[in-house]
Amino acid sequence: MNDLGKTQALSNDPNRTQLGAPPTLDPNKTMMGTAPTLNATITIKPTQCPVCKTFNPAGVMFCVECGLIFDRALPADAFGAPAIQLPVLVETTGREHSVRPGIKMVGRDGDVLLPDPRVSRKHAQITSDNGTLLLEDLSSTNGSFLNGTRLQKGEKKNISQGDTVSFGGLELKLSLPGESAKTNILSGGRTAAMTAAPRLDTAPAKLVGNGTEYPLKKGDNIFGRKSDNDVSIVDPYVSGKHGNIEITDSGVYLTDTGSTNGTMLNDAKLVPNQRTQLNPEDVIRLGSLEFRVVLEQ
């Protein structure tokens, strides 16, 4: 009977030094082998993803950034792969947010990062699949809108080139990189004859402040946060339709049209819907932003 308290001598004990012939393969010795076949392509440089342009380690089967699965037969020169334009959401300020393939979260903590207090942390999601984009609201506080129509809970809407999407009041347009900078070509490719020579119109005044100059035309100049205003001021403390600056032959007039946070003129809050004439040195304050109206000479 075996004594359980006694160490058993086993010939195959992995912790015991074995006596015998030396091993046939020395792990510390460089082994000679067959050279790689000349018919096999050896990848020794990183692979650049043709979608997101990320450089991946050699030999990987999918992109470590966007997850694109690579074909086994890669192009002869992966670095020279043509650039694939991704859809982008463009803010009124011109800032672009790329929409990569797959499901992307939109929000203050999303893949499409929108650091705006009106936007929920996980506000909506956009699914990009083979050129088709679907928008879905994720029960956000202020809602998601497509071309002015609010999305219902669980509803998915297809968004196309030029559509306007709004997340809690923050408006963006769906476009392609550089699309807005392209020159439109007339149908037929022929040069169109002008009926009259172009005339250069100079704005009679401009709204100056926040490091920007906004041209003001004669008559009414509606200003606010929305992109369809005459003067679009993208700031969370500015209302969608905040006020009006009127340029007339008799002077310049400012009116607050019932904004949420009000309009300050020289530190005095304007009465809503009351037309007030401006002087050259008057300071208009919208939240923390300061502006002056400058007349052109």
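**A loop, a sheet and a hairpin**

Modeller: Let me begin with Asn229, which is found in the loop between β16 (219-224) and β17 (231-232). Please keep in mind that what we are looking at is a predicted model.

Biologist: Is Asn229 buried or exposed?

Modeller: Asn229 is buried, as its relative accessible area is 8%, and a residue counts as buried when that value is under 20%.

Biologist: What does the side chain of Asn229 reach?

Modeller: The side chain of Asn229 reaches the backbone oxygen of Lys226 at 3.1 Å, and a polar atom of that side chain also lies 3.4 Å from the backbone oxygen of Gly224. If we set aside residues up to four places away in sequence, Asn229 touches Ile222, Phe223, Gly224, Gly240 and Lys241.

Biologist: Okay, stepping back, how many helices and strands are there in the protein?

Modeller: The protein has 0 helices and 24 strands. Of its 297 residues, 33% count as buried, and the accessible surface comes to about 20100 Å², with 53% of that belonging to carbon and sulfur atoms.

Biologist: And what share of the contacts comes from residues 24 or more positions apart?

Modeller: Among the contacts with a separation of 6 or more, residues 24 or more positions apart account for 34%.

Biologist: Let's turn to sheets. What is the strand order in the open sheet of 5 strands?

Modeller: The order in that open sheet is β6-β5-β7-β8-β11, and the pairing is mixed. The edges are formed by β6 (112-113) and β11 (156-159), each of which has a single partner strand, so one side of each is left without a neighbour in the sheet.

Biologist: How does β11 pair with β8?

Modeller: Strand β8, which covers residues 132-137, pairs with β11 in the antiparallel sense over 4 bridges. To see one of these pairings in the structure, look at Leu134, whose bridge partner in β11 is Asn158. As background, strands of a sheet pair through backbone hydrogen bonds, either parallel or antiparallel.

Biologist: And β5, what could I look at there?

Modeller: You could look at Gly107, which lies in strand β5 (residues 102-107) and counts as buried at 0% relative accessibility. Leaving aside its neighbours within four places in sequence, Gly107 is in contact with Val112, Leu113, Leu114, Val119, Ser120, Arg121 and His123. Gly107 and Phe167 are 60 residues apart in sequence, and their C-alpha atoms are 8.3 Å apart in space.

Biologist: New topic: which strand holds Thr164, and what stands opposite Thr164 in β13?

Modeller: Thr164 lies in strand β12 (residues 164-167), and Lys173 stands opposite Thr164 in β13. The side chains of these two residues are also joined by a polar contact of 2.9 Å. Not counting residues up to four places away in sequence, Thr164 touches Phe145, Leu146, Asn147, Glu171, Leu172 and Lys173.

Biologist: So how are β12 and β13 arranged?

Modeller: They run antiparallel and are joined by 4 bridges. In their hairpin, which has 2 residues between the strands, Gly168 takes a positive phi near 65°. Strand β13 (residues 170-175) is also joined by 4 bridges to strand β3 (residues 88-91), again antiparallel, and there Val90 stands opposite Lys173.

Biologist: Which residues have a positive phi although they are not glycines?

Modeller: Most residues other than glycine have a negative phi. Here, Ser139 has a positive phi of about 55°, and Asn147 has one of about 50°. Ser139 is found in the loop between β8 and β9 (144-146) and is exposed, with a relative accessible area of 52%. Asn147 is found in the loop between β9 and β10 (149-150) and counts as partly exposed at 47% relative accessibility. Asn147 is also one of the residues that Thr164 touches.

Biologist: Last one: what lies over the face of Tyr253?

Modeller: Arg275 lies over the face of Tyr253, at 3.6 Å from the ring centre. As for pairs of aromatic rings, the count comes to 1.

Conventions
Residues numbered from 1 in each chain as written. Predicted model: local features only at pLDDT ≥ 70, side-chain atom pairs only at ≥ 80, totals over all residues. Heavy atoms only, no water. Buried < 20%, exposed > 50% of the residue type's maximum accessible area, 1.4 Å probe, protein only. Contact = heavy atoms within 4.5 Å. Areas by Shrake-Rupley, 256 points an atom, 1.4 Å probe, with all protein chains shown as cover. Polar contact = N/O pair within 3.5 Å; in protein donor to acceptor, adjacent residues only side chain to side chain. Pairing = 2+ DSSP bridges. Phe/Tyr/Trp six-rings, centres within 6.5 Å; stacked < 30°, edge-to-face > 60°. Lys NZ or Arg CZ within 6 Å of the ring centre and 35° of its normal.
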